[in-house]
Amino acid sequence: MLDKLKTIDDRFEAITSQLEDPATYADPDLLRRLTREQKELEPVVEAYRACRRAEENLASAQELLADPELREMAQEEIQEARREMDRLREELKVLLLPRDPNDSRNVVMEIRGGVGGEEAMLFAADLFRMYVMYAEARGWKLEVVSRSETELGGLKEISFLVEGDGAWSRLKYESGAHRVQRVPVTESSGRIQTSAATVAVLPEAEEVEFAIDPNDLKIDTFRSSGAGGQHINKTESAIRITHLPTGVVVECQDERSQYKNKDRAMKILRSKLYEAEQEKQNAAIAAQRRSQVGSGDRSERIRTYNFPQGRVTDHRLTGDVKNFAIDAVINGGLDPIVDALTTADQAAKLAEAGES
C-alpha cells in the first residue's frame, strides 16, 4: 500500500506542476482532465501526508523516552501518534477502494408514476419536489427537460438534468422503485393505499466519449403541451429525437427555444446510449456494479415512504440505520440515507477486498 501511496503522491505533484504551467491553459480538455484528476487524488494525498507526519511525531516522541523528565509527556505523544496513524490508515483503506468512474459526473434523472393510478402520479410529483429541494441544499443546478402532468398536479413522467459537484456520487443510489403508503387525497374513506413510482439515474455522457452518427437520428418537431393548457407553445419548439439503430426515443419540450430543446434532448440521448454501452461492456463485472448497495435494477423496490408511521425505510440497509424521519426526507433531507448507503457500500467493498 505504501508503494501505491507514494506513486499517487508523485502523480499529484506532477499534476500540480502542470497546472502551474501557463501552456496547460491553452488546452481546455487537458486542463479539465488534470483539474478533475487533481481533485480526485487530493483526499488520498492529504491523508497520506498526515500519516507520514504522524509517523515522524511517533519517532520523535520515542527518542524522548530516554529522558526521565520527558518520559511521561513522550508516552502521551506516542499514544496520540499511534491513534492518529491507526485512524488515517483506516481512512486510506477506504480512499484506495476502486472508485466509481462516474462519481464526478452530472446526472440525468427520470421519474415515472407506477402502480396506483393518480396517487402514484402525485407521489412522483412529491419525489421530484424532494430532489429539487435536495439539489438546492447542495448547491446543484437542476433543469427540467420534459414533463407530462395530470389534472391534479401529479406527474406521469418527468426528465431532468442535475449538474454539480458530486451529483452522481450522491444520486446514484436513488435508482429503483420507490413505494409510498398513505391515505391519498383522492380517497374519501380514509383507507391507506400503497402506490409506487420508479426513478432512473443515468450519468451524463460527455460528447468526447460517445460519438453519435447524425445519420442515425430522426428528429421531429411538435408543439409542446401540458395539463390544463399549461406550457403550450404556438410554435413547434418541442423536439423528439429517435436513435434509429436502438429505437431509443427522447423528447424535450420544456423550453420555448427549439435549439435549447434539441440540445437538452441530445444530452439525454447521449446519456442513455452511454449507459446501454456501459452495461454491455460491464456484463462480466455485474457483481461489482451490484456492490453499490443493491443492483440498481429499476424494478427493484429500494425504499418505502410510510406516512402513517412517519418513517422512510431503505430496504438496502439493515438494523437501526434503515429507518429515517419522513418529514425530513420528503423535504430534501436525503443526506443521512445517502451517507448510510455510502458507508454500507464501502464496508462491502472492504470485506470483498479482504476476502480476495
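**The largest core**

Begin by selecting M109, I111, L127, Y131, L171 and Y305, the residues with the most contacts inside the largest nonpolar core, which has 38 residues. A nonpolar core is a set of buried Ala, Val, Leu, Ile, Met, Phe, Trp, Tyr and Cys residues joined through side-chain atoms within 4.5 Å; buried means under 20% relative accessible area, exposed over 50%, and partly exposed in between, with a 1.4 Å probe and protein chains only. The elements that give two or more residues to this core are strand 1 (107-113), helix 4 (117-137), strand 3 (155-163), helix 5 (167-171), strand 5 (193-203), helix 8 (326-330) and helix 9 (335-355). Helix 4 gives the most, with nine residues. Helices (H or I, at least four residues) and strands (E, at least two) are DSSP runs, numbered from the N terminus.

This is a predicted model, in which local features need pLDDT of at least 70 and side-chain atom pairs count only at pLDDT 80 or more, while totals for chains, interfaces and linings use all residues. Residues are numbered from 1 along each chain as its sequence is written, and side-chain values use heavy atoms, with hydrogens and water left out.

**Helix 4**

Next, select helix 4 from end to end. Its 21 residues reach 31 Å from the first C-alpha to the last, close to the 30 Å expected at 1.5 Å a residue (the expected span is 1.5 Å times one less than the number of residues). After helix 4 comes G139, which has a positive phi near 75°.

**Y305 and H178**

Now select Y305. Leaving aside neighbours within four places in sequence, Y305 is in contact (heavy atoms within 4.5 Å) with residues including F123, L127, M130 and H178.

Move on to H178, in strand 4 (residues 176-182). Is H178 buried or exposed? H178 counts as buried because its relative accessibility is 0%. A polar atom of the H178 side chain lies 2.9 Å from the backbone oxygen of E174.

**S159**

Select S159, which is found in strand 3. With a relative accessible area of 8%, S159 is buried. Beyond four places in sequence, S159 touches M109, E110, V144, V145 and S146. The C-alpha atoms of S159 and V108 are separated by 7.3 Å, although these residues are 51 residues apart along the chain.

**Two cysteines**

Finally, select C51 and C252. C51 counts as buried at 7% relative accessibility, and C252 is buried at 0%. The structure holds zero disulfides (pairs of cysteine sulfur atoms within 2.5 Å).

Key: Polar contact = N/O pair within 3.5 Å; in protein donor to acceptor, adjacent residues only side chain to side chain.
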